Amino acid sequence: MSEPRLTVEGVSVYYGPFRAVHDVSLTVGAGEIVSVIGANGAGKSSLLKAIVGQADRCEGRIAMNGADIGRMGTPAIVRAGVALVPEGRRLFPNLTVEENLSLGWRVGRRGGPRLADVYDIFPVLKERRSSPARVLSGGQQQMVALGRALLADPRFLLCDEISLGLAPTVIADLYALLPGIRDRGIGIVLVEQDIGRSLRASTRFYCMLEGRISLSGSPDAFDRETITRSYFGS
Amino acid sequence: MVAAIVNTLVQGVLIGGLYALFALGLSLSVGVMRAVNVAHGDFIVVVSYLLLSIATGFGLNIFLALALVLPVAFLGGFALQRYLLQRVSGKAVLAPLLVTFGLAIIIQNGLLEGYGADPRVLPGGALETKVVSIFGMQLGLMPLVTLAAAIVLIFALDRLLYKSQVGALIRAVSDDPGAASLIGLSPNQVYGIAMGIVGMTVAVAACFMGLRSNFDPASGPGNLLIAFESVVLGGLGSLWGTLAGGVVLGVAQGVGGQIDFAWQTLAGHIVFLAVLAVRPQGLFPRY
Amino acid sequence: MAKLTSYAAPLRGLLVLGAVALAFGPWLFGGVTQIFLTQFFCMLVLALMWNLLAGYADIVTLGQHGFVGVGAYALYGFTALGGVNPFVAVLLAGLVAFLVAIPTMALVFRLRAVYLAVGTWVVAEALMLTAGKLPGLGQGSGASLPVAVARMLGATPSARFASIYWLAFALALAAFLTTYLLLRSRIGLGLTAMRDNEEAAGAMGVDLRRARILCFLLTAPFLGVAGAVITLQKLRVSPMSSFSVNEWTVFVIFNVVIGGIGSLEGPILGTLLFFVLRDHLADLGPWHLIVLGALSIATMLLEPRGLWGLARRALNFDLIPVSRAPSREFAARFQGGPTPQGEREISAHPAE
């Protein structure tokens, strides 16, 4: 493979007898921002979990740069270069901000991003480095989650609902960071229920409806009504 | 009269130090296993026999024997977690509980087969009989050293867990293993290290148990119950709380023993159940 | 496989026939066999109760011997001290065990699930130590039942054997039927669903906490009556043997685990195997328990559903069906459609 890509082919995800994702395929290139939109329960989060190996049961092929990563455990997938900023942030609530950031496997190793880089991006985290993560505001917690994922030095960054529950100005600040991350050659997948903002930030999008891809392509290629129809079903 | 009461209390506090040693490893292992290690007491006993064999076999000082056993205990805990407990750990309590239950029975009967049922005691040398006088009370040096060991071990574990990178790893993984693997950590590796540390606390507990009291192949369950009660009494997850829990138990047993020797153990259980009834979160819950 | 399923009905018939034959035990078997079967019935009751709690209600108790001992001491108190007829005293012993179970439940359910198991053990230990302190009950060394009490069971030794046999048989039958009906009820469905998926069970409208409390309280009288019947046979109580953790908890757990936890066939199979092998294994001394411990660990690692789980895979049907219905009902309610069949179950991400 000449061009680095994250490829998902014919993936289905199950919870017990329930099929949350149905035969979904998508690709993300390096330095590209791709949105996955869809209503609550459309299977977006399940898809991201499956990519990083946290689905209960999943079928299909998931590959990075041509190499199959579908059968590796989550830590190995993360080390291979796919990082997830999970829904609900999943910080360690009783650990300090600095502990949360500095625990990643790559932190402190040569070549990768350093703690100081994260503090440069989010100066407020440096001020609060000794506070337990649970006392932070929602926006600050999301910064820790994003910083923690970046410290894993990923090639591909998956963001699950990073704007959920945050004030509009905070969301705008977070989204303003994305182009900078992209320009470092990192492929980004944004999963959002909020269509407008994520579509504006991305070059391509996939819309999910009841576990399947109902529409995909460039946001400019479709009118608002077409996207809305594939979002809600008709 | 006052002197007798003070003496009972002091003895209770001193024995509480030993109980805290039993409880530390159990408290830590619950966070790893998500189940109580039913064989915890038996692990302590089996290491006591190991220390006995090394100390008497090679004529070594008991603390030198302990120094030799500590790395073995770390590897033992690590291997137990990685090659046995990890395979049955999951969301259900049942499997890890029953596996450690099976281990407990195997250890008890294996020791019975290997060493016989006679009570043993570890050779403490000069330390055994030394008495020091504090505020006019004659206190055995060994109980004082045991309490000191408990305090030092709690201090060290507290530093390790809350001030070191390894400790942060252990806390992170036991908080949320899924989130830990999302930042590239291997929860199983961390669990193995944590159980290795548990193994080392077991070795220290084994040494002082054998120095302070008789032990036989059937001593394990008694140790487990003491450790369990200390952990719950102290408040789950609180290291200094386990010392408080151990002391409460020790004092309760001491007071019970004053009424009638046979009341000693029962008094401990009754105080435990009474505290559970009025304060289920324990005396010093961490969170 | 389909052919084996056709054996289900005849095998079930055989099982019922066997149970009916056992009802006539005293006319069919000699004294030694009756004693043997009496012990089997009592152990079976303990196994059924532990299995109900650990295999269905998610309460892994290590304190069964506490209620067995309470039943034993209650029987002694009612008969030897109170002069109550032993047939009545057996039932009263169950009542006492039930009454002890209420505060016990209130206490141990305050512990988190992880700690509950050892909590029950502490209670059992406290009960044993208390029994040794009760006035008039022999204290630590125990006491024998007066001959007059034994006489009330029958004039001749063989009549006494028969009385105890029928008591034990009736108890085992009642324990089996109660467990069977409970598991087939809505509560049982909820518990079985909980084993697979807690949220789904909640969605089925079964209050799980109440269901678990019900199970805990339900087992106590059976354990108490079993302790009383055991005592009638042994004619003796003592803290160490009436509250024996090895006899009434350790062996019982091994029997259920090896036989197959979470089924009704498992405890029966395990207890049967225990009695068949008992005399051979007893010669091994401490190795007896080492072998059982190793077997139960191997079971948890290799086939958590035990010997019956292995057998069921070959047979492809339940001899005593309680567990099939709920999983279908669960699937139907949870998804609104049938379980996807024929699709390969591939774990793309094995747990690291």
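**Cavities in chain C and the A–B interface**

1. Start with helix 7 of chain C. Four residues of the lining of the largest cavity come from this helix, and that is the largest share. Keep in mind that this is a predicted model.

2. In total, 14 residues line the largest cavity. Nearest its centre lie Thr61(C), Gly63(C), Gln64(C), Phe67(C) and Phe216(C).

3. What is the volume of the largest cavity? About 70 Å³. Its lining has seven nonpolar and seven polar residues.

4. Now take the second largest cavity. Its space is about 50 Å³. Among the residues that line it are Val68(C), Ala72(C), Gly227(C), Ile230(C) and Trp248(C). Lys234(C) and Arg236(C) are in the lining too. By class, the count is four nonpolar, four polar and two charged.

5. Which helix gives the most to the lining of the second largest cavity? Helix 12 of chain C does, with four residues. Overall, the model has three cavities of 30 Å³ or more.

6. Turn to the contact between chain A and chain B. On chain A, 19 residues are in contact, and they meet 19 residues of chain B. The two chains bury about 1,700 Å² between them. Of that area, 58% is on carbon and sulfur atoms. Three residues stand out on chain A: Phe92(A), Asn94(A) and Leu103(A). They supply 33% of the area that chain A buries against chain B, more than any other three residues.

7. Six residue pairs are in polar contact across the interface.

8. Which elements of chain A give two or more residues to the side that touches chain B? They are helix 2 (74-80) and helix 3 (97-102). Helix 2 of chain A gives the most, with four residues. By class, the side of chain A that touches chain B has 10 nonpolar, five polar and four charged residues.

Note on methods. Residues numbered from 1 in each chain as written. Chains lettered and ligands numbered in written order. Predicted model: local features only at pLDDT ≥ 70, side-chain atom pairs only at ≥ 80, totals over all residues. Heavy atoms only, no water. 1 Å grid on protein atoms, 1.4 Å probe; cavity = no way out; pocket = protein on both sides within 12 Å on 5 of 7 lines; lining within 4 Å. Points joined across faces, edges and corners; volume = space filled by probe spheres on them. Nonpolar A, V, L, I, M, F, W, Y, C, P; charged D, E, K, R; others polar. Contact = heavy atoms within 4.5 Å. Buried area = accessible area lost by both parts, 1.4 Å probe. Polar contact = N/O pair within 3.5 Å; in protein donor to acceptor, adjacent residues only side chain to side chain.
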